[in-house]
Amino acid sequence: YARNFPEALERGKQAVDTYPGNVLSRANLALYGMYAGDFDTAREQAEETLTQNPSYATAFVPLAMAALDRGDLDAARTEYQKLAAIDGGRRIATVGLADLALFEGRADEARATLDAYLQSEEGQEIDGVAGAVLWSMLAETAALQGDASASETFASKALELSRAPRI
């Protein structure tokens, strides 16, 4: 879709119309709606995705973003908390919850959220884009806390991971 999300949204609607029971197509449509800024479609399709498969982790992100679009930070937080409880959803939920804390000016909470996740994953390799996102958020959080040394260390780690070859 060459990042043309309005077009992707239309094609996604066609796919769902053709195969309404296909949960992947519906989840993708929710994401396309989110990326295109059509948060009503994103919310509706994400809710339907979860009706079809209650543990479809990707569907919680459009619900959180739709809540943010409405200005309902508590609802967004709830969606990220639900996502954290889904197998494979903790990393994305951690990023979302930390981002909310930063948005609300609570850098200490954001840092604690990110640190707790990294400690729970100790010994596990968190690499590539996922790792770069986590470490860059830690860099931003440390900078907001006035900890330039930690910010620089975290930013270097993020940069290192973002440059790693992807297979």
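If we skip residues up to four places away in sequence, Ser25 touches Ala15 and Val16. By touching, or contact, I mean heavy atoms within 4.5 Å. Ser25 sits in helix H2, and with a relative accessible area of 17% it is buried. Buried here means under 20% relative accessible area, while exposed is over 50% and partly exposed is in between, using a 1.4 Å probe and protein chains only.

Before I go on, a word on what we're looking at. This is a predicted model, where local features need pLDDT of at least 70 and side-chain atom pairs count only at pLDDT 80 or more, while totals for chains, interfaces and linings use all residues. Residues are numbered from 1 along each chain as its sequence is written, and side-chain values use heavy atoms, leaving out hydrogens and water.

A few more overall numbers. Along the principal axes, the C-alpha atoms fill a box of roughly 55 × 40 × 30 Å. Of the 167 residues, 41% are buried. Among contacts with a separation of 6 or more, 46% are between residues 24 or more positions apart.

Back to H2, which covers residues 23-36, and its partner H3, residues 39-52. Their axes come within 7 Å and cross at roughly 155 degrees. That makes H2 roughly antiparallel to H3. For the record, axes are lines fitted to C-alpha atoms, for helices over the stretch in contact, and angles run from 0 to 180 degrees between N-to-C directions. Under 35 degrees counts as roughly parallel, over 145 as roughly antiparallel, 65 to 115 as roughly perpendicular, and the rest as oblique.

H2 passes H3 in a left-handed crossing. Left-handed means the near helix is turned anticlockwise from the far one by less than a right angle; clockwise would be right-handed. Who meets whom between H2 and H3? On the H2 side we have Val23, Arg26, Ala27, Leu29, Ala30, Gly33 and Met34, and on the H3 side Phe39, Thr41, Ala42, Gln45, Ala46, Glu48, Thr49 and Gln52. By class that's eight nonpolar, five polar and two charged residues. Nonpolar covers Ala, Val, Leu, Ile, Met, Phe, Trp, Tyr, Cys and Pro; charged covers Asp, Glu, Lys and Arg; the others, Gly among them, are polar.

Is Gly33 buried or exposed? At 0% relative accessibility, it counts as buried. Leaving out residues up to four places away in sequence, Gly33 touches Leu9, Asp38, Phe39 and Ala42. Tyr56, by contrast, is 23 residues along and 17 Å away from Gly33, C-alpha to C-alpha.

H2 also packs on H4: the axes come within 9 Å and cross at roughly 30 degrees. That makes H2 roughly parallel to H4, and the crossing is left-handed. Ala30, Leu31 and Met34 of H2 meet Val61, Pro62 and Met65 of H4, which gives six nonpolar, no polar and no charged residues.

H4 itself, residues 60-69, has seven of its 10 residues buried, so it is largely enclosed by the rest of the structure. Those buried ones are Phe60, Val61, Pro62, Leu63, Ala64, Ala66 and Ala67. What covers them? The cover includes H2, H3, H5 (73-84) and H6 (90-103). Just after H4, Gly71 takes a positive phi of about 80 degrees.

Last pair: H6 and H8, with H8 being residues 128-144. Their axes are 11 Å apart at an angle of about 20 degrees, and the two helices are therefore roughly parallel. H6 passes H8 in a left-handed crossing. Arg91, Val95, Ala98, Asp99 and Leu102 of H6 meet Ala130, Val133, Leu134, Met137, Glu140, Thr141 and Leu144 of H8. The classes there are eight nonpolar, one polar and three charged.

Technical notes
Helix = DSSP H or I, 4+ residues; strand = E, 2+ residues; numbered from the N terminus.
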